Every structure is written in structure tokens, then in C-alpha cells.
Amino acid sequence: MTVARTRTEQADAVVDRQTTGADEQADQHALPHIEHPARRLLAYVFHYYSWQLIVVAVSIIIASVASTVASIFMQRIVDEVITPGLSTGLDAVMPTLVRIITMMGTVYALGVATSFLYSRIMAVVTQGSLKHMRDDMFDRMQSLPIKYFDTHAHGAVMSTYTNDTDAVRQLIGQSVPTLIQSGLTLGAMLAMMLYYSLWLTILVVVVVAVMIETTRRLGGASSRYMVAQQHSLATEEGFIEEIMGGQKVVQVFNHEEAAKADFAVLNQQLFSDSERANRYGNLLGPVMGNMGNLLYVLIALVGGLLIQLRVTNIGFAGMGAITVGIIVSYLTMVRQLSQTINQASQQVALIAMGLAGAGRVFALIDEEPEHDDGYVGLVDAVETADGGVEPADRKTGVWAWRHPHRAEGTVTYTRLRGEIVMEHVDFSYDGVKEVLHDVSLRAEPGQKIAFVGATGAGKTTITNLINRFYDLDDGKIRYDGINITKIAKADLRRSLGVVLQDVRLFTGTVMDNIRYGRPDATDEECIEAARLANADGFIRRLPRGYRTVISGGSSNLSQGQAQLLSIARAAVADPPVMILDEATSSIDTRTEALVQAGMDNLMKGRTVFVIAHRLSTVRNSDAITVLDHGRIIGSSHLRVW
């Protein structure tokens with residue numbers, strides 16, 4: 001009981017402590033604000049579907065007019081058929097009735113046809129626009145720097161693909177067309193009312209003004225909380241994604257209760273925002289409905305009173321007395337008017353949520369892509385008689401740097417040898433705390449350089465800089481004598497093979513994962529790479545061998561097996577420079593002995609950077625560099641073990 005009570009008290013304390021900061025936490029994961037998202041969204045959709053939107057606009061106008069003029073037929077039936085028919089008989093008014101019904105059917109058919117047409121077109125426009133949005137978001141995401149993914153919760157970004165695009169779907173496909181049609185219908189209704197009676201129109205306008213103001217107040221409150229709901233939902237999904245990825249760690253450290261308490265804070269915030277958004281939104285419908293009913297009753301009472309008093313009608317229809325047909329037509333229009341306003345009011349909060357979602361979508365699309373001003377490229381080459389290289393139009397196994405010299409207008413080709421030189425490199429991730437300071441080192445072609453040092457010493461940072469995942473604060477890194485800032489990033493990274501400590505495989509077959517770094521590799525080349533990594537044996541024991549499908553989390557493989565596949569993936573790319581970041585850390589000692597021979601074969605003739613803690617991994621290195629707090633404090637160029 002004491003333990004349970006203590007955990008409950010701790011959870012309550014977490015809730016109390018974090019509730020006040022829930023809004024700030026939501027803002028932390030929110031994407032940057034986009035000005036004029038409505039204008040931006042309209043231009044975006046119009047860019048792809050201009051003529052379709054024109055057809056939709058015309059169809060909505062016709063459908064709105066068709067739904068409005070129905071009231072005219074009601075007035076004509078009452079005043080030109082029913083009332084005269086009471087005294088003259090049905091036969092006398094039958095031609096008039098047939099004519100009115102024929103016109104009525106034609107108008108209704110036209111309205112139904114145009115409504116069907118714009119609904120079908122809007123389905124294409126809506127889903128097509130979302131497709132283009134997702135394409136643009138994913139294209140931009142693939143061009144973003146690693147820093148973006150280090151500083152943004154993955155679940156919050158996923159929420160942009162799901163919740164925000166769904167809000168945009170609701171906005172484009174339903175809310176905007178409904179609001180436009182409601183506005184057109186409302187304007188046409190008021191014009192028709194004014195045509196029939198000024199007195200009754202004044203009464204309607206007064207009540208409608210009250211309804212619009214009520215919509216503004218209740219709808220505005222609902223809109224604010226709808227937007228807050230989107231932020232809270234993104235934050236909660238980010239938290240869930242993080243906990244799912246680390247569920248094993250949660251259970252190992254008995255962190256379940258604390259995780260539940262943290263989730264309770266986020267879920268409470270989402271509940272609070274959603275409850276208030278729906279409270280105002282759900283209240284709006286009944287309020288509008290009852291006000292519409294009240295207007296209906298008022299028109300019936302005032303209209304009946306005007307007929308009894310034989311008040312002269314003032315309206316564009318003429319100066320005759322108000323008739324029963326006019327009152328019946330008015331009651332029909334009032335019912336339709338109140339329904340139209342109620343329908344439009346329900347869209348206010350959804351429009352605000354959709355615009356907020358569009359803003360987050362465009363914020364992702366507008367994220368600054370990874371900057372790359374490199375102009376030195378990597379090409380296949382062949383050796384010339386004088387020992388140089390020249391470009392080749394086939395794969396030769398020899399690579400060269402194609403270096404245009406803009407000032408001279410010439411191009412030179414330098415064979416890729418794998419020489420890496422760092423000169424007085426300084427770097428910080430945030431521009432404040434320096435991670436590397438005055439780091440200088442040299443890796444000759446074919447050398448194996450090992451980095452050792454405590455966690456946080458800067459070992460992995462060096463390899464990140466060689467890949468240009470981040471740019472230097474000061475100093476230079478030269479690759480075969482070329483400043484890496486001059487090398488196009490895609491070509492630079494194509495020349496580097498990387499095996500990370502954190503293995504990331506993708507859903508697909510074993511063969512697909514080995515071929516990931518070189519899609520044109522043949523099955524034989526993939527199998528040979530697996531043999532080099534000593535992965536071939538366990539792969540052939542899988543249910544379908546190389547055709548076995550593995551999940552993205554490699555849950556059906558051991559950690560060591562997954563690491564062997566990542567080594568084979570790097571091997572099939574056949575890069576001249578290899579970076580092994582704790583590549584054998586997940587492999588047991590026996591497996592490591594099997595892998596080491598294959599790794600040695602893989603590293604022959606290549607420049608290799610190894611980050612390791614195990615003595616066995618670094619003992620055959622050509623040089624060992626010791627780092628501490630971002631500085632090189634020792635370096636040995638001898639095989640000391």
C-alpha cells in the first residue's frame with residue numbers, strides 16, 4: 001500500500017508540475033508559423049487544379065441558385081393554383097400547375113446535376129492536393145539536414161503527415177465548399193426575401209445578425225481550442241512514438257509508472273483542449289437551431305398579423321397586399337436560411353483547424369534544405385598510360401574526382417585515393433558549447449585510424465563532419481587534397497561507407513537491405529558482400545534465405561545478425577573510405593572473431609576510421625588517436641599491440 005500510494009503521489013506531482021507547462025511543450029514541437037495559410041493554400045490548389053476549381057465555382061453558384069428559387073415555386077403554387085382553384089375548380093388551374101411543376105423539376109434536376117458534378121470534381125481536387133502535399137513534404141524531408149531530425153520529435157513530424165493533412169482534407173473537401181455555398185445561398189435568400197417583403201426582411205436581417213454574432217463568438221472559441229488540440233495531439237503522438245521505440249528500456253528500468261504519469265499530463269492537456277473545442281462546437285448547433293425555430297415562429301406570427309391587418313406590402317414584387325403565398329414562401333426560406341447558417345457555423349472551427357494544419361504542412365515544406373554548394377563530382381574512371389585518370393562511361397572499379405576550375409574554364413580529374421586530412425577543426429552543435437577544438441589529423445590512403453576516448457569526447461562528431469552531416473565552425477577537412485566543402489554532398493557520401501552502432505534496417509527482404517546502398521548491385525555481388533561480413537551462413541538458415549522479409553525494427557533478427565547485415569550493406573557499396581562507429585559492439589566475442597577476418601578483407605586498400613572501445617577492434621590499427629573533451633590528447637602511429 002505504501003509503495004502504491006507513493007507512486008500515485010509521484011504521478012500526481014508530475015501532473016501538477018507539468019500541467020502548467022503543457023502549452024509550452026506543445027509549442028516546442030509545433031512547426032514555425034506560416035503567414036496567410038489560406039492564401040497560400042488557395043494558390044497551391046489552384047496551381048494544380050485551376051480549371052477544375054472554375055467548374056466547381058460555377059457549379060456551386062448554379063446549385064445555390066437552384067436551391068433558393070424553390071421558394072418562388074411555393075409562392076406561385078399557393079397564389080396561382082391553390083387559392084384560385086378553391087373558387088374556379090382544379091381544371092381551370094391545371095395548366096398553370098403543370099407549367100410550374102415542370103419548371104420546378106427542371107431547376108431541381110439542374111441543381112442535383114451540378115451538386116453531383118462539383119462533389120465528384122472536389123474529390124479529385126482534395127485527394128490530388130493532399131497527394132501533392134505529401135509528395136512535397138517527403139521530398140523536402142529528404143533534403144533536410146541531420147540537425148533537423150535531431151531537434152524535432154519524430155512523432156510530431158508524423159502528425160503533420162496524418163492529422164494535419166486530414167484537417168486540410170476536411171478544409172478543402174468539405175468546409176470551404178460548404179461555406180461558399182452557404183454564403184451564396186444566404187445572399188440569394190436575402191435577395192428573394194427583399195423581393196417579396198421589406199417588413200419581413202427587416203425582421204429576418206435582425207435575427208440573422210444575432211445568429212452571425214453568436215456564431216462568431218462560439219465559433220471563435222471553438223476554433224482556438226481546435227488549433228490547440230492539433231498541437232496537443234502532435235505532442236502526444238511524439239511521446240507515444242518515443243515510448244514505443246524505447247519500451248524495452250522502460251521495462252528494464254521499471255519506468256512504467258513514471259511513463260504513465262507523463263502520458264497522463266499530455267493526455268489531460270489533449271482532453272482539455274478537445275473538450276473545450278467540442279463543447280463550444282457542439283453548443284453552436286443547438287443554439288443556431290433554436291434561433292432558427294424562433295425566427296420561423298416570428299415570421300408566422302408577424303406574417304399572419306400583416307395579412308389580417310391587410311398591410312400593404314412594400315417590396316420589389318409590387319405594392320399589393322401580403323398574400324398567403326408570400327408567407328408560405330417566407331416560411332420555407334426562413335427554414336432553409338436557418339439550416340444554411342447552422343451548416344456554415346459548424347464549419348468555422350473546422351476551417352480554423354484546417355488552416356492551422358495547412359500552416360504546419362507548409363512550414364515543413366518551407367524548411368531550409370541542406371545547403372550544398374559543392375561542385376566537385378565523383379565519376380567512374382580509367383587509368384591512362386602516363387599514370388593519370390580520365391572519365392569512363394562504365395563501371396571500372398576506379399573512381400576519380402571531377403574538378404571544374406571555373407576561373408580557367410578547365411576540368412581536371414584526380415584519382416580517388418582516400419586521403420583524409422583535418423586541419424585545426426573547431427565545431428559546436430549549438431554555436432555555444434564547443435565539441436571539437438583544434439583537431440588536426442591525417443589518414444593516408446589505406447590506413448586504419450582508430451579513435452578512442454570517453455563517451456562525449458567527440459569521436460562520432462569527427463565522422464559526422466567527414467560526411468558533412470554538419471559544417472565546421474573553423475578549420476578545413478581535405479579529401480585527396482580537395483576541401484570537402486567543394487565536393488557535392490551526394491558524391492562525398494557515395495565514397496564513404498558507414499556502419500553505425502545503432503543498426504537501422506528497413507522493412508523488406510534481406511537482399512533488399514543489403515542492396516540498399518547500391519540499388520544496381522546484382523544478387524551475386526550482394527551474396528559476396530554477405531560472405532565478406534560472414535553473414536551468409538545465418539542468412540541461408542533463415543526461412544527463405546535472402547528472400548526472407550524482415551521488419552523495419554529487425555525484430556526477427558538478433559542484434560548481432562542485424563549488425564552483420566549492416567556491415568554487408570556497407571560492403572556491397574564498395575566505398576574507398578569506411579567509417580565503423582562501434583560496428584562490432586553488438587556482436588559477441590565468438591561472432592566478432594568470425595567477422596574480423598571478413599572485415600580485414602573488406603578494409604584492404606581502403607582508408608578506415610574506427611570508433612571502438614574493445615581492444616580487439618583497434619589492435620591492428622595503423623594509428624590510434626585518443627580524444628578527451630573534444631581535443632586530441634594522444635596519437636600513436638605504431639601497431640602497439
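A charge sits over a ring if CZ of Arg is within 6 Å of the ring centre and within 35 degrees of the ring normal. In this predicted model, the charged end of Arg406 meets that description over the ring of Tyr375, at 4.0 Å from the ring's centre. Arg335 has its charged end over the ring of Tyr296, and here the distance to the centre is 4.4 Å.

The model has 10 aromatic pairs. One of them joins Phe506 and Tyr516, which are stacked, with 4.6 Å from centre to centre and 10° between the planes. Phe506 belongs to the loop between strand E10 (496–499) and strand E11 (508–509), while Tyr516 belongs to the loop between H15 and H16, so the pair ties together parts that are 10 residues apart in sequence. Phe506 has a relative accessible area of 34% and is partly exposed. Tyr516, at 48%, is partly exposed too. Elsewhere, Tyr44, Tyr48 and Phe362 make up one aromatic cluster.

In soluble globular proteins, nonpolar side chains tend to be buried together. The largest nonpolar core here holds 37 residues, and those with the most contacts inside it include Val510, Phe538, Ile539 and Leu565. Among the elements that give it two or more residues are strand E7 (448–453), helix H15 (510–514), helix H17 (536–540) and helix H18 (559–573). H18 supplies the largest share, eight residues.

Which residues does Ile539 touch, leaving aside its neighbours within four places in sequence? They are Val510, Ile514, Ala530, Gly545, Tyr546 and Leu565. A second, separate core has 34 residues, including Ile420, Met422, Val425 and Phe609.

How values were computed:
Residues are numbered from 1 along each chain as its sequence is written. This is a predicted model: local features need pLDDT of at least 70, side-chain atom pairs count only at pLDDT 80 or more; totals for chains, interfaces and linings use all residues. Side-chain values use heavy atoms; hydrogens and water are left out. A nonpolar core is a set of buried Ala, Val, Leu, Ile, Met, Phe, Trp, Tyr and Cys residues joined through side-chain atoms within 4.5 Å. Buried means under 20% relative accessible area, exposed over 50%, partly exposed in between (1.4 Å probe, protein chains only). Helices (H or I, at least four residues) and strands (E, at least two) are DSSP runs, numbered from the N terminus. Contact means heavy atoms within 4.5 Å. Rings of Phe, Tyr and Trp (its six-membered ring) pair if their centres lie within 6.5 Å; planes under 30 degrees apart count as stacked, over 60 as edge-to-face and the rest as tilted.
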